[in-house]
Amino acid sequence: MPILEGEGVTKHFGGLAAVSNVDFHAERGEILGLIGPNGAGKTTLFNLISAALTPKSGTIRFKGVDITGLKPHKICRMGVARTFQSVKVFTTMSVLDNIVLGSFFGRATHISSADARREATELLEFVGLSGAKAAQAKDLTLANQKRLEVAGALATKPELLLLDEMMAGLNATEVARAMELVTRIRDNGITVIMIEHVMKAIMSIATESSFFTTAKKSLKGFPRISQRTNG
Amino acid sequence: MFSGPTGYISLAPAAFFGVGVYTAAVLGLVLPLPAVIALAGAVSFCLALLVGALTLRLRGIYFVMFTFGLVELLLHFVLWWEMSITGTTGRVVPSVDNTTVYYLMLAIFAALMLTAYFIRHSKMGLALQSIGEHEEAAAHRGVNVTALKTITFAVSATFMGAAGAVMATRWTYIDPKIAFNPLISFMPVLMAIFGGMGKLYGPIVGAAIFTYLDEFLITRFPYHYMLIFGIIMVVAILYMPDGLVGLAQKLWKQISGAKYADT
């Protein structure tokens, strides 16, 4: 059974079909790339999966369970985490609190404060931020804020992680480190779907990639055009 | 407690205050005072839950306007009720001596501060803070934003309701216009901005100095006091975005120098 399936998912903004009758599926343990021009509906699709938006029609199933129309926090607790295109860390909070928040609220099970802090420290190490434990989130660089956002998402113990343009705005070294991080996340058994414009990144780590064109022509079947683009 | 971390400015305190006042007026003769206060709090809590569940989807200025509207709505509802059903607009509240009022208010204040302190230092406080910054991101981290906002809103309303019930005993005579006075909503907001919203003690410092300033100006400049007061507020908002507490912290940082410099 695929970890994520969508059938005929459609979303309109006013008269504009942002996502039109899209089918997709993702298998457990893969890194799936979503590429395509701006405005093709990639982020909208993420918003639909994570329930920031409700689809006009169609169904989305996670591990075989229909999750269409659930609230975002419910979907997060079921095991779908995400990051944002414009990085959204909580700058008024400490780096550690940014992660602990996800441990407290984003899981299906209860966790004690001490455990949450210990796990947050481990996660910081995992994403390569252990030096910044005591810092305020606002003092981090963009690349590090993105890592922190990923750590915060991982704290919810997801099975599926949606990464929206994690590499955008990073320099070559930072991109390489981010790619390596995504691979390690997958190696920990988490399925990753990533929207990316940095082609080098997506070509080298994604198991398969899907090309999204503009709304009407959104390709059916999360098209498995591995490392192929058409314009 | 509610507005500080979440950044939602509520002008509804007067509504819950008024609910408290009216609870005291209606039940003051039949029930002992502690029961009346508890009941006033409970009624405000329930009302806030209902209102919150319906309206906390609104954000920013829309939420502010709605809460302001709520005060007017309740005012006119009570006015209509009193005129068409009871036939009078005023009510008498059994009075209590000033010392009791003082200690009751102090007790409510202490309970409020304790609750606020515990909320701020709990998981709930963390979640509220996250809502204040990125509401949608908080939701995607598993925070049930609507429920949390509603409950916090209701808890803070409880204290306003209780305070209303106590104040009613001091006024002894009330009518809807006194009970649902929008000024009661504006004052706390102004006090909080004046003192600084970021810290728990900001609004307290603000309220204390604000009240002192108010009394001082009204006795010294009985004719121009509102004018002077207005100018002080404008200057405070323009030049002290973090309030008095923020200003004090900034000064303290400058005095203590590099030791506390941001790293």
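Begin with the two domains of chain A: ten residues of domain 1 are in contact with twelve residues of domain 2. The model on the screen is a predicted one.

**The two domains of chain A**

To display this boundary, colour residues 1-79 and 158-231 of chain A as domain 1, and residues 91-156 as domain 2. Next, select helix H2 (72-78) and helix H6 (172-187) of chain A. Each of these two helices supplies at least two residues of the side of domain 1 that touches domain 2. Which helix gives the largest share of that side? It is H6(A), with three residues. Sorted by class, the side of domain 1 of chain A that touches domain 2 has six nonpolar residues, three charged residues and one polar residue.

**Chain A as a whole**

Seven helices and nine strands can be found in chain A. The chain has 231 residues, of which 48% are buried. Consider also the contacts in chain A between residues at least 6 apart in sequence: 68% of them join residues at least 24 apart.

**The open sheet**

Select strands E2, E1, E4 and E5 of chain A. In that order, the four strands form an open sheet, and their pairing is antiparallel. Strand E2 (16-26) and strand E5 (65-66) of chain A each have a single partner strand, so these two stand at the edges, and one side of each is left without a neighbour in the sheet.

Keep strand E1 (residues 4-13) and strand E4 (residues 57-62) of chain A on display. How many bridges join this antiparallel pair? E1 and E4 of chain A pair over five bridges. To view one position in this pair, show the side chains of Leu4(A) and Phe62(A): Leu4(A) stands opposite Phe62(A), which belongs to E4(A).

Helix H1 lies across E1, E2 and E4 of chain A, and runs at about 65° to E2(A).

**Where chain A meets chain B**

Finally, bring chain B into view. The contact between the chains takes 23 residues from chain A and 16 residues from chain B. On the side of chain A that touches chain B, select H2 and helix H3 (95-105) of chain A, each of which supplies at least two residues. The largest share of this side of chain A comes from H3(A), with five residues. By class, the side of chain A that touches chain B has nine nonpolar, eight polar and six charged residues.

Conventions: Residues are numbered from 1 along each chain as its sequence is written. Chains are lettered from A and ligands numbered from 1 in the order in which they are written. This is a predicted model: local features need pLDDT of at least 70, side-chain atom pairs count only at pLDDT 80 or more; totals for chains, interfaces and linings use all residues. Two strands pair if DSSP finds at least two bridges between them. Two residues are in contact if their C-beta atoms, placed from the backbone, lie within 7 Å. Axes are lines fitted to C-alpha atoms, for helices over the stretch in contact, and angles run from 0 to 180 degrees between N-to-C directions. Domain bounds come from an automatic or database domain assignment. Ala, Val, Leu, Ile, Met, Phe, Trp, Tyr, Cys and Pro count as nonpolar, Asp, Glu, Lys and Arg as charged, and the others, Gly among them, as polar. A residue is buried if 20 or more other C-beta atoms lie within 10 Å of its own, exposed if 12 or fewer, and partly exposed in between; C-beta atoms are placed from the backbone.
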